[in-house]
Amino acid sequence: ITIKGQEAFAGHAYEAKNPIVAGAALISALSALPDEFSEQDDMFSYPHNLFTPTKVLASSNMSINYVPELFEFHLDMRLLPGTDLDTVKAAIRRLADDVENAHGVSISFEEVNSSPKAPPTSEDAPVVQTLRRAIKAQLGIDASVNGRGGVTMATELRSKGKEAVCWSIHRRKPGVATDNASISAHLEQAQVLARILFDPQA
């Protein structure tokens with residue numbers, strides 16, 4: 001998201017249209033999105049839509065005593081399967097229009113990365129039941145089915161109408177700096193996959 005204002009020397013800030021102030025107003029306004037798109041899907045480990053401002057790009061003017069012309073930041077969105085992306089984009093555009101009018105700036109969007117829309121795999125799908133049997137036989141665990149707010153290797157397959165699942169053994173919460181898996185976990189995963197290959201019901 002790029003906010004373009006009017007740069008000025010900080011001593012003449014009254015002549016500027018500060019894109020940082022406008023950006024802060026937009027970020028604050030974006031906090032209303034979870035209430036507007038309040039769908040819930042308990043299949044997911046976090047059952048709601050997520051809207052998270054993340055990376056802020058370096059200012060076009062790096063001097064500490066100047067109001068820059070541009071302020072840019074990224075908005076990470078993790079939408080549930082039932083939430084329409086185009087409707088979300090329209091809501092964000094509406095919020096941006098309000099900020100433009102209030103602060104005299106212009107706001108533009110660029111889509112950096114977008115995942116294909118992929119229907120969820122049914123809990124009753126053969127691939128799910130085969131994996132569950134293999135995990136139960138090898139590890140003695142009754143595997144549960146859930147979704148994650150992100151792209152997995154199964155996403156591309158599901159977007160093409162193929163039923164697919166991802167699974168792994170983690171010692172810690174995935175997606176954090178300390179995310180890791182032990183050698184024994186890799187061996188157990190290989191043993192589970194071997195059971196899948198020789199499952200007579202598959």
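This is a predicted model: local features need pLDDT of at least 70, side-chain atom pairs count only at pLDDT 80 or more; totals for chains, interfaces and linings use all residues.
Me: OK, back to H4. What should its 14 residues span?
Reply: They should span 20 Å at 1.5 Å a residue, and the end C-alpha atoms of H4 are 20 Å apart, which agrees. The expected span is 1.5 Å times one less than the number of residues.

Me: Which residues of H4 are buried?
Reply: Val 128, Thr 130, Leu 131, Ala 134 and Ile 135. They cover an arc of only 165° around the axis, which puts them on the same side of H4. That arc is taken from the directions from the helix axis to the C-beta atoms. Buried means under 20% relative accessible area, exposed means over 50%, and partly exposed is in between (1.4 Å probe, protein chains only).

Me: And what covers them?
Reply: H6 is included in what covers the buried residues of H4. Contact here means heavy atoms within 4.5 Å. From H4, Thr 130, Leu 131, Ala 134, Ile 135, Ala 137, Gln 138 and Leu 139 meet Glu 188, Gln 191, Val 192, Arg 195 and Ile 196 in H6.

Me: How do the axes of H4 and H6 cross?
Reply: They come within 9 Å and cross at roughly 125°. Axes are lines fitted to C-alpha atoms, for helices over the stretch in contact, with angles from 0 to 180 degrees between N-to-C directions. H4 and H6 are therefore oblique to each other. For the cut-offs, under 35 degrees counts as roughly parallel, over 145 as roughly antiparallel, 65 to 115 as roughly perpendicular and the rest as oblique.

Me: Which residues of H6 are buried?
Reply: Ala 185, Gln 189 and Val 192 are buried in H6. Seen down the axis, the buried residues of H6 fall within an arc of 60°, so they line one face of the helix. The face turned away from that buried side carries the exposed residues Ile 183, Leu 187 and Leu 197.

Me: Switching to H3. Which residues are buried there?
Reply: Val 88, Ala 91, Ile 92, Leu 95, Ala 96, Val 99 and Glu 100. Their cover includes helices H1 (19-30) and H2 (33-36), plus strands S3 (50-56), S5 (70-78) and S6 (106-108).

Me: How do H1 and H3 cross?
Reply: Their axes come within 10 Å and cross at roughly 145°. Val 21, Ala 22, Ala 25, Leu 26, Ala 29 and Leu 30 of H1 make the contact with Ile 92, Leu 95, Ala 96, Val 99 and His 103 of H3.

Me: Is Asp 86 buried or exposed?
Reply: Asp 86, in helix H3, is exposed, with a relative accessible area of 55%.

Me: Where is Arg 148?
Reply: Arg 148 sits in the loop between H4 and helix H5 (153-159). Arg 148 is partly exposed, at 48% relative accessible area. Arg 148 and Tyr 46 are 102 residues apart in sequence and 7.3 Å apart in space, C-alpha to C-alpha.

Conventions: Residues are numbered from 1 along each chain as its sequence is written. Side-chain values use heavy atoms; hydrogens and water are left out. Helices (H or I, at least four residues) and strands (E, at least two) are DSSP runs, numbered from the N terminus.
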